[in-house]
Amino acid sequence: MPTKKKPQVTAPKKPTAAAAQARRSELLGTAAEVFAEQGYNATTVRTIADHAGMLAGSLYYHFDSKESMLEEILRTFLDELWDGYDAVLASGLGPRETLEALVVESFREIDRHRAAVAIYQKESKQLVAQDRFAFLADSQRRFEKAWLSTLESGVAEHVFRADLDVRLTYRFVRDTVWVAASWYRPGGQHSPEEIARQYLSMVLDGIAVRE
């Protein structure tokens, strides 16, 4: 009698590098939303896994801890932010044009990384005390220097008012721009560039030299 052939069992294919990276990015996006909504300390790995529709143990296949996830979320946001800022600062624009470009770039980053911006605003003061997150303090110093030097150049070149308190203006512009992460939603009625133009029209009318 002919013997029946045993069905061949095909081993499951390993995900491609691109697929693995896409899944990693998807999980980071989920984690960022949970951190932003619930707070970093209140969020557990199980919470993130539940939102991602997977077991907590499976999440450890991609990340060794929630600290690793948070670090990658914030580093990715800040690396992209500084790619944009550095390009603006190296472009040789005048002070007003530089300020405008920095504001536009900021809103673009809020559009790309809204949850990461919210996390940064809520958690950075506590996180900078940890060696792992010392890069946040370095970025804050660079950020302040970039904006203050732009405003100071504007005053020196008589583009901005001579009586302008540059440090107070810096804090006002910084807080006014980045607080938008609390209400902005990607894909809304206005593009980040349109919102930036509206903000700039309100800010610059107050600091530009009056004709």
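Hi everyone, two housekeeping points before the tour. Residues are numbered from 1 along each chain as its sequence is written, and side-chain values use heavy atoms, with hydrogens and water left out. Since the model is predicted, local features need pLDDT of at least 70 and side-chain atom pairs count only at pLDDT 80 or more, while totals for chains, interfaces and linings use all residues.

Let's start with the helices. Helices are DSSP runs of H or I with at least four residues, strands are runs of E with at least two, and both are numbered from the N terminus. Helix α2 covers residues 45–52, and its buried residues are Val45, Thr47, Ile48, Ala49 and Ala52. Here, buried means under 20% relative accessible area, exposed means over 50%, and partly exposed is in between, with a 1.4 Å probe and protein chains only. What covers those buried residues? The cover includes α1 (17–38), α3 (56–59) and α4 (66–89). Just after α2, glycine 53 has a positive phi of about 70°.

Now to a helix pair. α1 and α4 pack at about 95°, and their axes are 10 Å apart. The axes are lines fitted to C-alpha atoms, for helices over the stretch in contact, and angles between N-to-C directions run from 0 to 180 degrees. So α1 is roughly perpendicular to α4; under 35 degrees counts as roughly parallel, over 145 as roughly antiparallel, 65 to 115 as roughly perpendicular, and the rest as oblique. From α1 the contact uses Arg24, Leu27, Leu28, Ala31, Ala32 and Phe35, and from α4 Lys66, Met69, Leu70, Glu72 and Ile73. Contact means heavy atoms within 4.5 Å. By class, that is eight nonpolar, no polar and three charged residues. Ala, Val, Leu, Ile, Met, Phe, Trp, Tyr, Cys and Pro count as nonpolar, Asp, Glu, Lys and Arg as charged, and the others, Gly among them, as polar.

On to the pockets. We work on a 1 Å grid over the protein atoms alone: a cavity is a set of points where a 1.4 Å probe fits but cannot get out, a pocket is an open set with protein on both sides within 12 Å along at least five of seven lines, and lining residues have an atom within 4 Å of a point. Points are joined across faces, edges and corners, and a volume is the space filled by probe spheres set on them.

The largest pocket has a volume of about 470 Å³. Among its 19 lining residues, Tyr120, Ser124, Gln140, Arg174 and Asp175 are the closest to the centre. Which helix gives the most to this lining? That is α8, with six residues. The lining divides into nine nonpolar, four polar and six charged residues.

The second largest pocket comes to about 280 Å³. Of its 16 lining residues, Leu28, Gly29, Ala32, Arg112 and His113 are the closest to its centre. α1 supplies the largest share of this lining, five residues. Leu28 and Ala32 also take part in the contact of α1 with α4.

Last, the largest cavity, with a volume of about 30 Å³. Leu99, Val103, Val173, Val177, Tyr199, Leu200 and Val203 line it, and they divide into seven nonpolar, no polar and no charged. α9 gives the largest share of that lining, three residues.
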